[in-house]
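Here is a briefing on the structure shown below. Keep the sequence and the 3D view open while you read.

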Amino acid sequence: MYGPGFLQSTSTLGGDLNLVVQLVLGALLLAGVVLVRRGAYRVHGACQTAGFAGALVLTVVWMAPALHETHWDALRRGVMNRVTLTVAAHVIVGTLALLLGLWVVLVAGTRLVPARWRFTDYKRWMRPLLAVWWLALLLGVATYWLSS
């Protein structure tokens, strides 16, 4: 995974694959919007859950280790440049997107969340979540571009 990439000569294969799969997952989330507008709620739920699960797996398997290996020391030392600022923003917004995504999946797909903490107006949660998710995705593209 640390061999030469196929999108840029300075990137790794893992970084390139992660970027492509994340963009596909982002498109999957947008497909979920179309599905819910057509009333295909079960397919929408499966689509959104698959997108969330895929992003979570990639975060744990690829992005967190890459962050630790490549950028963590600079972030810890407070290095301020366009790369570390973009990485920090991506980490913050991406973490928020994953946490909100987890909350929505738990409320919509399980009974694990107590009734008093559940929401019923899904639009009020899904629309901001999609916006935060796409902001995280765009910051991830910027991180990839600036880091390669």
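Leucine 137 has a relative accessibility of 7%, so this residue counts as buried, the cut-off being under 20%. Leucine 137 sits in helix α5, which covers residues 122–147. The model is predicted.

**Leucine 137 and its surroundings**

- Leucine 137 is in contact with Gln22, Leu23 and Gly26, once neighbours within four places in sequence are set aside.
- Alanine 97 is 40 residues away from leucine 137 along the chain. The C-alpha atoms of these two residues are 9.7 Å apart.

**Valine 132, also in helix α5**

- Helix α5 also holds valine 132.
- Valine 132 is buried because its relative accessibility, 18%, falls under 20%.
- Which residues does valine 132 touch, not counting those up to four places away in sequence? They are Val93, Leu96 and Ala97.
- Valine 61 lies 71 residues from valine 132 along the chain, and their C-alpha atoms are separated by 22 Å.

**Aromatic pairs**

- How many aromatic pairs does a search of the whole structure find? The count is 3.
- One of them joins phenylalanine 119 and tyrosine 122. The ring centres are 5.2 Å apart and the planes stand at 70°, so this pair is edge-to-face.
- Another joins phenylalanine 119 and tryptophan 125. Here the centres are 4.6 Å apart and the planes meet at 15°, so the pair is stacked.
- The angle is 70° for phenylalanine 119 with tyrosine 122, and 15° for phenylalanine 119 with tryptophan 125.
- Phe119, Tyr122 and Trp125 make up one aromatic cluster.

**Burial within the cluster**

- Phenylalanine 119 has a relative accessible area of 10%, so this residue is buried.
- Tyrosine 122 is partly exposed, at 32% relative accessibility.
- Tryptophan 125 is also partly exposed, with a relative accessible area of 33%.
- Both of these values fall between the cut-offs of 20% and 50%, which is why neither residue counts as buried or exposed.

**Overall fold**

- The chain has 5 helices and 0 strands. Along the sequence the pattern reads α-α-α-α-α.
- The C-alpha atoms fill a box of roughly 45 × 30 × 20 Å along the principal axes.
- The chain has 148 residues, and 30% of them count as buried.
- Take the contacts between residues at least 6 apart in sequence: 56% of these join residues at least 24 apart.

**Surface and charge**

- The accessible surface of the chain is about 9300 Å². Carbon and sulfur atoms account for 69% of that surface.
- The chain carries 12 positive and 4 negative charges.

**Confidence**

- The mean pLDDT of the chain is 92, and 100% of its residues reach 70 or more.
- Where is confidence lowest, and where is it highest? The lowest is in helix α3 (residues 72–76), with a mean of 91. The highest is in helix α4 (residues 82–109), at 95.

Methods
Residues are numbered from 1 along each chain as its sequence is written. This is a predicted model: local features need pLDDT of at least 70, side-chain atom pairs count only at pLDDT 80 or more; totals for chains, interfaces and linings use all residues. Side-chain values use heavy atoms; hydrogens and water are left out. Helices (H or I, at least four residues) and strands (E, at least two) are DSSP runs, numbered from the N terminus. Buried means under 20% relative accessible area, exposed over 50%, partly exposed in between (1.4 Å probe, protein chains only). Contact means heavy atoms within 4.5 Å. Accessible areas come from the Shrake-Rupley method with a 1.4 Å probe; for residues, only the protein chains shown count as cover. Lys and Arg count as positive and Asp and Glu as negative; His and the chain ends are not counted. The place of a charge is taken as NZ of Lys, CZ of Arg, CG of Asp or CD of Glu. pLDDT is the predictor's confidence in each residue, from 0 to 100. Rings of Phe, Tyr and Trp (its six-membered ring) pair if their centres lie within 6.5 Å; planes under 30 degrees apart count as stacked, over 60 as edge-to-face and the rest as tilted.
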